[in-house]
Amino acid sequence: DELAPILDQLEQIIASDQSMLSEEQRSGVSGHIFTLRASLETLTAANPDRIIAASLASLKGLPLTERGGRATALGYQASAMQLRGDQDEAFDLLESELANPSPGAPAKVQLYLSLCLLCERIGDFARMENAVRRFLAIDPGGVADHSGANWMAGRVAYERNQIGRAHKHYS
């Protein structure tokens with residue numbers, strides 16, 4: 001609840017002094033503010049329509065070069081779509097972005113993490129395992145390996161009662 005007024009103040013400051021930032025910078029900062037709003041909404045009220053609106057505003061503001069921020073906004077959008085009941089569309093959104101060759105490894109890590117969370121939410125561990133394999137393959141031993149990929153792989157193993165394998169991923 002304390003973050004929303006701060007975000008409002010940031011938006012007012014940016015709007016009040018047009019000379020402070022270039023138009024491109026203002027757009028990017030605004031995009032990040034909307035990503036924070038989507039995050040805040042997800043953590044507090046989980047109103048899917050407001051999360052989607054904030055995510056779309058974020059994507060509109062963030063430049064294409066802000067791949068990580070855009071991937072984060074897409075993850076919030078997909079999660080909200082799933083909460084709203086648009087499950088197939090949520091999966092399609094993330095899968096289509098993952099098929100796009102332009103996002104680098106860090107952005108793909110965020111997209112795979114979001115995809116795995118959608119799978120976990122509905123208990124589709126076969127689909128989650130497939131996503132985890134693809135997730136770990138993007139940067140073996142690197143950023144993907146040290147992120148949520150191993151946690152997700154452990155979660156799949158645990159659900160399949162493969163405790164030794166789960167322990168390996170969790171440690």
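Colleague: Which residues lie nearest the centre of the largest pocket, and how many residues line it?

Modeller: In this predicted model, the largest pocket is lined by 13 residues, and those nearest its centre are G75, Y76, S79, S114 and L117. The volume of the largest pocket is about 190 Å³.

Colleague: What makes this a pocket and not a cavity?

Modeller: A cavity is a set of points where a 1.4 Å probe fits but cannot get out, whereas a pocket is an open set. The space lined by these 13 residues is listed as the largest pocket, so it belongs with the open sets under that definition.

Colleague: Which helices supply at least two residues each of the lining, and which of them gives the largest share?

Modeller: Helices α4 and α6 (105-122) each supply at least two residues of the lining of the largest pocket, and the largest share, 6 residues, comes from α6. By class, the lining has 6 nonpolar, 6 polar and 1 charged residues.

Colleague: Why are α4 and α5 called roughly antiparallel?

Modeller: The axes of α4 (residues 67-84) and α5 (residues 87-99) cross at roughly 160° and come within 7 Å. Angles over 145 degrees count as roughly antiparallel, and α4 and α5 are therefore roughly antiparallel to each other. Their crossing is left-handed. On the α4 side the contact is made by L74, G75, Q77, A78, M81 and Q82, and on the α5 side by Q87, E89, A90, F91, L93, L94 and E97. This contact of α4 with α5 has 7 nonpolar, 4 polar and 2 charged residues.

Colleague: How many helices and how many strands does the secondary structure of the protein come to?

Modeller: The secondary structure comes to 9 helices and 0 strands, and from the N terminus on the elements run α-α-α-α-α-α-α-α-α. The C-alpha trace spans about 60 × 30 × 30 Å along its principal axes.

Definitions and conventions. Residues numbered from 1 in each chain as written. Predicted model: local features only at pLDDT ≥ 70, side-chain atom pairs only at ≥ 80, totals over all residues. Heavy atoms only, no water. Axes fitted to C-alpha atoms, helices over the stretch in contact; angles between N-to-C directions. Helix = DSSP H or I, 4+ residues; strand = E, 2+ residues; numbered from the N terminus. Parallel < 35°, antiparallel > 145°, perpendicular 65-115°, else oblique. Left-handed = near helix turned anticlockwise from the far one by under 90°. Contact = heavy atoms within 4.5 Å. Nonpolar A, V, L, I, M, F, W, Y, C, P; charged D, E, K, R; others polar. 1 Å grid on protein atoms, 1.4 Å probe; cavity = no way out; pocket = protein on both sides within 12 Å on 5 of 7 lines; lining within 4 Å. Points joined across faces, edges and corners; volume = space filled by probe spheres on them.
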